[in-house]
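Reader: Please take me through some labels in this model. I want the cut-offs behind each one.

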Amino acid sequence: MPANKNSLNQKIGKIIWRCPSNIAIVKYWGKKEGQIPSNSSLSMTLSHSFTEIELDFNDRKTTSGIELDYFFENKKNAEFENRVRKYLDEQSGFFPVLNRYAVRMNSRNSFPHSAGIASSASAFGAVALSLLDASFIVNNQLLDDSFFRQSSELARKGSGSACRSMYSGFVLWGKNEFMQGSSNEFAVPVLSVHDNFKRLHNAILIVDNSPKKISSSIGHSLMDQNVYAKSRFAQANERTSQLIKVLANGDFEEFIKIAESEALTLHAMMMTSENYYLLMKPGTLSAINKITTFRKETGIPVCFTLDAGPNVHLLYPEADKNKVEYFIKNDMKDNIGAVIFDKIGMGPQKIK
Ligand code: DP6
C-alpha cells in the first residue's frame, strides 16, 4: 500500500512484459463455464513469437471505474480493447492497480497478424503478467513463486491457451493423474523432458493469411453438441498422459503419432460439428503430404501440427534443422506465402 495520497498520485512509471505464444501438441477444444477446459492439453512454448506490452500507470482523472487506454502498435484497436475491457471488468478485483491508477497499455506482436500464431495466448498472457506485476508493485509485494501460477490462472480467464504461455518448454493445463500439482485452473511446467525434445524447432508455413472466419470461442462452443465430444475429451486426456511419458522417455515416433493425430482430430471436430466448417486449404493438405513423404524417404523425425486455421506447423529436432529448412525452402516454395522459423522458448520475460 502506498504510504500517503501523494505517493498514490505519482506516476510510478513503466513496466514492459514479453509473453510468448505456444503451440499445443495435445489440443484444448471444448470448455465449460468459467474457462474450465473439457480436456487437458499440453503445449510447447515458442521463442520468437511473442506479444510485448508496455504498461504505464498514471494519475486517475475520475474516482471510480477502470481507466484503461489500450493501444495495439500505438493505434487504438477497438476490437481487442473491448475484449480486454470486458475481461478487466470481470477480473479487476485481482488487479488492484486498476482501482488506483489510470492504465495505458501498448501492445505489439513480433509476428504478423493472422499468421496462424495464437495471438490471444501471447496477448492475454502479456496483459495478465503486466497488470499482475503492476499490482504487486502498488501493493509493495515482492514477486515470488506464486506469481506465474497466479498470472497463469488470470491469463486463462482471458483466453484458455494463454495460461500455458507462463512457463518455458512443455506446459500442461488440466488435471492429470501423472502430474502432481496439475490443475484445470492454471498450467504447470512439464519438467521431465528428454534431450530429444529440449531443442525442438517449429517452422510455421503460412498457407493462407486471411483473417479467421470462425473464432476459437465459437469452435469451443460447438463441442457442446458434437456427437463425438465425450470420446474426444477422453482421448485427449489419455494422450496427455501418453505425451507426458513420451516427453520423459524421448520416443520421437510416439511423439509424431500423437502430434499429427491431434492436429487432424482437432479439424475433424470442426468438420463434425452441427454447424460444420472446414479450415484446411488445398495448400494445407499438400504441405502435410510433402512432410509425411519427406519423413518416410529420409527417416528425419519431422512432423506437422495445426492450430485452428490452415497454416501448417512443422516440428523437428535441432540436429536436423539444416536439412528440414532446406526442404521447406526448396520443396515447399509453391505451397506457401511465407515461413516463420521459431523454436522452443524460455517463457515470459520482464523487459523493464
Ligand atoms: C486450437 O485459447 O484461443 O489453439 O479460450 O476461447 O480464448 P479461448 O480459446 P483459445 O483456443 C485455442 C484452441 C487451439 C488449441 C490449443 O491451443 O490448445
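Author: Helices (H or I, at least four residues) and strands (E, at least two) are DSSP runs, numbered from the N terminus. Gly65 sits in the loop between strand E4 (41-58) and strand E5 (67-72). The model is predicted: local features need pLDDT of at least 70, side-chain atom pairs count only at pLDDT 80 or more, and totals for chains, interfaces and linings use all residues. Residues are numbered from 1 along each chain as its sequence is written, and side-chain values use heavy atoms, with hydrogens and water left out.

Reader: Why is Gly65 called partly exposed?

Author: Buried means under 20% relative accessible area, exposed over 50%, partly exposed in between (1.4 Å probe, protein chains only). Gly65 has 49%, so Gly65 is partly exposed.

Reader: What makes Ser183 count as buried?

Author: Its relative accessibility is 11%, so Ser183 counts as buried. Ser183 lies in the loop between strand E8 (170-173) and strand E9 (187-189). Contact means heavy atoms within 4.5 Å. Leaving out residues up to four places away in sequence, Ser183 touches Trp173, Gly174 and Lys175.

Reader: Why are H10 and H11 called oblique?

Author: Axes are lines fitted to C-alpha atoms, for helices over the stretch in contact, and angles run from 0 to 180 degrees between N-to-C directions. Under 35 degrees counts as roughly parallel, over 145 as roughly antiparallel, 65 to 115 as roughly perpendicular and the rest as oblique. H10 (residues 282-298) and H11 (residues 321-331) pack at about 140°, with axes 12 Å apart. The pair is therefore oblique.

Reader: Which residues of H10 meet H11?

Author: Lys290, Ile291 and Phe294 do, against Lys323, Val324, Phe327 and Asp331 in H11.
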